[in-house]
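Colleague: Could you walk me through this model and the labels attached to it? I would like to hear the rule behind each one.

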Amino acid sequence: MRSFHCKRQSLVLLFTLATCISALGQAAPATPQWETLRPEGEEFSVLMPKGSTFETSKEPYHKMELSTRTYLHNSKPGPVFAVVSLSGIKSNLALYTEMQRINSYVDAFKTLFAPKIRKDVVAKLTLVKEKTLHGNAGREYRMTIGDLAGTAQVFATRKRFYSIVYLNTKKDDAIQEEFLSSFVLPEKGTTPPATVAAAPTGSSEGPVAAPADTATAKPNANEEPKQDEAQRPGTEPGKRAPISAGVLNGKAISLPKPDYPADAKAAGTEGVVVIQVTIDEQGNVSEARAISGPKQLQEVSVNAALQAKFSPTLLSGEPVRVTGVLVYNFGRPQS
């Protein structure tokens, strides 16, 4: 009888151990270790997991040749993080509309991207909605390639076409949102912004102001940046246009953290919020607006950005206005 009880207890222990191992295998994936990607010659910046690859090629498309650049982080079986950059179909409103140009690019992207992820598998795209990013026309699609599913957002600038893609074998809305919302393009018709800083990794109780990317950081605020040649639209006649200075987190002499809204924290809302700011001649933030990130976290980020303080920026010895972005990372709330 005692032998029977011992065997029964052993079976219970083995079952418990197997259950624990299974639970560990199904645990939520760790937040990627992000790094800033702002390739030379491109217009975008994005947070990409460390260890991503880069591939470039020339591809025939109808009677044209497309220049392709693919920035990819592909872990097996997933997730897949990618930014695809295409050029070769010039904007020509006399011959075709901008949306027809985007349609041609989407067709090329769908054909060229799938083989890089799954051999001999056709990509499927389902339109979700029309979408714009800083005036650049685009769309959002539901994308599947074999066992991978996720989102592809596409945008066309005057020079290039971009698609940012997140695919996975399992759903992870938080990581998808953090990746997609970090993609930044310049306002249509303006000079591309500088690199958006990489967000700190790991969980935190509250938001963090992301530091400047030291590898691609622009000059300090009190150094003399280059002046824009043309006066920007909306600038008062005779008044110098703001100087574009990229990511400004590392240049602030005072950078308050935004409050973490209780309802957003309770709902587990997280992600990277990018705020475009204008700094006046005295170093105060005169304007601030959210350009990407979870909606629930944008207002508090704008309020925090308006309280930031900078040293005056000098150009030829005279103080000037500066425009750039502040980046805030809201880590996954801990219970």
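Modeller: Happy to, and let us start with rings: those of Phe, Tyr and Trp (its six-membered ring) pair if their centres lie within 6.5 Å, with planes under 30 degrees apart called stacked, over 60 edge-to-face and the rest tilted. Phe44, Phe54, Tyr71, Phe155, Tyr162 and Phe183 form one aromatic cluster. Bear in mind that this is a predicted model, where local features need pLDDT of at least 70 and side-chain atom pairs count only at pLDDT 80 or more, while totals for chains, interfaces and linings use all residues. Residues are numbered from 1 along each chain as its sequence is written, and side-chain values use heavy atoms, with hydrogens and water left out.

Colleague: Why is the pair of Phe44 and Phe183 called stacked?

Modeller: The ring centres of Phe44 and Phe183 are 5.6 Å apart and the planes meet at 25°, so the pair is stacked. Helices (H or I, at least four residues) and strands (E, at least two) are DSSP runs, numbered from the N terminus.

Colleague: How do you know whether Asp120 and His134 are buried or exposed?

Modeller: Buried means under 20% relative accessible area, exposed over 50%, and partly exposed in between (1.4 Å probe, protein chains only). Asp120 has 86% relative accessibility, so it counts as exposed. His134 has 12%, so it counts as buried. Asp120 is in the loop between α2 and β6 (124–133), and His134 is in the loop between β6 and β7.

Colleague: Which residues touch the most other members of the largest nonpolar core, and what makes a set of residues a core?

Modeller: A nonpolar core is a set of buried Ala, Val, Leu, Ile, Met, Phe, Trp, Tyr and Cys residues joined through side-chain atoms within 4.5 Å. The largest one has 28 residues, and Phe109, Phe113, Met143, Ile145, Val165 and Leu167 touch the most other members. Two or more residues come from each of β4 (64–74), β5 (80–87), α2 (98–117), β7 (136–145), β8 (148–156) and β9 (161–168). The largest share, eight residues, comes from α2. Contact means heavy atoms within 4.5 Å. Leaving aside neighbours within four places in sequence, Phe109 is in contact with residues including Val84, Met143, Phe161 and Val165.

Colleague: Why is the link between Glu187 and Arg289 called a salt bridge?

Modeller: The term needs a side-chain nitrogen of Lys or Arg within 4 Å of a carboxyl oxygen of Asp or Glu. The closest N and O atoms of Glu187 and Arg289 are 2.1 Å apart. Glu187 is in the loop between α3 and β10 and Arg289 in strand β14 (residues 285–292), so the pair ties together parts 102 residues apart in sequence. Glu187 is partly exposed at 28% relative accessible area, and Arg289 is partly exposed at 37%.

Colleague: How do you know that Arg118 and Asp147 qualify for a salt bridge?

Modeller: The closest N and O atoms of Arg118 and Asp147 are 3.2 Å apart, and the rule asks for within 4 Å. Arg118 is in the loop between α2 and β6 and Asp147 in the loop between β7 and β8, so this pair ties together parts 29 residues apart in sequence. At 16% relative accessibility, Arg118 counts as buried, whereas Asp147, at 46%, counts as partly exposed. The structure holds eight salt bridges.
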